[in-house]
Amino acid sequence: MKKLINDPEDVVVEALRGMAAAHPDHLRVDLEKKVIYRKDAPVRGKVGLVSGGGSGHEPMHGGFVGLGMLDAACAGEVFTSPVPDQMMAATTAVDGGAGVLHIVKNYTGDVMNFEMAAEMADADSGIQVRTVVTNDDVAVKDSLYTAGRRGVGVTVLLEKIVGAAAEQGRPLEEIADLATKVNESGRSMGLALTSCTVPSAGKPTFELGDDEFELGIGIHGEPGRERRPMASARELAQQLVEPILEDLPRKNGQPVLAFVNGMGGTPLIEQYLMFNEVQTILAKADIQVARSLVGNYITSLEMAGLSVTLLTLDDDLIGLWDAPVNTPGLRWGA
């Protein structure tokens with residue numbers, strides 16, 4: 001195992017210490033509880049946004065803490081859910097009197113622990129908490145980590161859009177409804193060309209031959225729909241986009257946001273090449289790409305591969321997407 005680490009047991013805390021050192025003007029980090037906070041949280045009168053999950057998917061979620069996105073992110077161990085005490089601490093710390101929204105990917109541990117934290121926050125402090133669970137992955141209905149569909153690429157888009165709405169001062173119920181709308185309007189699918197190596201395991205999670213790829217992979221290395229022979233970028237894009245379009249809620253004429261996400265080990269030259277293929281497929285289907293995002297936003301350590309997410313847009317969603325954001329992982333207009 002070749003990794004830039006000291007001790008596998010200290011990876012998460014040492015990375016959090018590095019984030020705190022790199023972004024002192026924007027973030028504060030509780031190293032004991034492993035929670036990353038927006039520097040000015042809580043913001044009085046603003047709905048607080050809390051997310052989190054296992055580490056190893058950076059910049060999600062800690063890299064999306066800041067103006068226009070999250071108020072706090074809880075970091076679990078690599079590919080392991082944070083615990084309720086972390087989520088409870090984050091919820092309490094970011095409550096500015098307008099309530100808190102939990103943004104949770106549909107993985108069993110995350111859902112269970114965030115649910116417990118919401119109950120604790122209500123019982124201990126009377127904080128109003130609403131929850132949205134993202135489940136946009138069309139690859140499989142159930143996996144090693146989930147009951148139902150997995151939460152993947154839409155999570156980033158939702159955090160940005162809902163974060164902008166919170167900055168506008170919209171109330172908790174409206175923001176929770178907006179989060180549900182975004183989740184229901186997006187679909188994703190990914191593929192892997194290689195496995196990744198979890199530091200504590202010291203060896204690849206799975207093996208793929210030089211002439212194989214895994215279609216429908218999860219962000220923790222979960223198996224997808226099937227293992228297939230390697231193909232051209234054009235063919236791979238087709239195999240990702242077609243299942244998404246078959247399931248995407250969309251009326252004729254509605255534009256989309258197209259998101260090509262690298263899994264950590266795929267260079268940007270290949271990601272942009274794939275975006276071109278995705279855009280070409282959509283153009284042939286007479287679907288306008290009104291907004292786009294390309295890059296490493298939800299990774300799986302050093303896995304080579306990528307995912308495609310399509311989100312159906314309307315004027316409100318476009319305006320919220322375009323609103324200023326200033327986080328370590330996403331920044332424009334601020």
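1. The largest pocket is lined by 30 residues, of which Val11, Ala15, Ser55, Gly56 and Glu58 lie nearest its centre; a pocket here is an open set of points on a 1 Å grid over the protein atoms alone, with protein on both sides within 12 Å along at least five of seven lines, and lining residues have an atom within 4 Å of a point. Its volume is about 550 Å³, taken as the space filled by probe spheres set on the points, which are joined across faces, edges and corners.

2. This is a predicted model, in which local features need pLDDT of at least 70 and side-chain atom pairs count only at pLDDT 80 or more, whereas totals for chains, interfaces and linings use all residues. Residues are numbered from 1 along each chain as its sequence is written, and side-chain values use heavy atoms, with hydrogens and water left out.

3. To the lining of the largest pocket, α1 (11–22), β3 (48–55) and β4 (72–78) each supply at least two residues, and α1 gives the most, with six. That lining divides into 16 nonpolar, ten polar and four charged residues.

4. The second largest pocket holds about 160 Å³ of space, and among its lining residues are Leu191, Met230, Thr266, Glu270 and Gly305. Here α7 (268–284) is one of the elements that supply at least two residues, and α7 gives the most, with three.

5. One cavity of 30 Å³ or more is counted, a cavity being a set of points where a 1.4 Å probe fits but cannot get out. The largest cavity contains about 90 Å³ of space and has 13 lining residues, with Val152, Gly190, Ile217, Ile219 and Ser307 nearest its centre. Strand β7 (residues 186–192) contributes the most to this lining, with three residues.

6. Helix α4 (residues 154–167) has 14 residues and reaches 20 Å from its first C-alpha to its last, close to the 20 Å expected at 1.5 Å a residue. Because 13 of its 14 residues are buried, α4 is largely enclosed by the rest of the structure, where buried means under 20% relative accessible area with a 1.4 Å probe, protein chains only. Just after α4, Gly169 takes a positive phi of about 90 degrees.

7. Thr309 is found in strand β12 (residues 305–312) and counts as buried at 0% relative accessibility. Its contacts (heavy atoms within 4.5 Å) include Gly153, Val154, Leu157 and Phe259, leaving aside residues up to four places away in sequence.

Terms used: Helices (H or I, at least four residues) and strands (E, at least two) are DSSP runs, numbered from the N terminus. The expected span of a helix is 1.5 Å times one less than its number of residues. Buried means under 20% relative accessible area, exposed over 50%, partly exposed in between (1.4 Å probe, protein chains only). Ala, Val, Leu, Ile, Met, Phe, Trp, Tyr, Cys and Pro count as nonpolar, Asp, Glu, Lys and Arg as charged, and the others, Gly among them, as polar.
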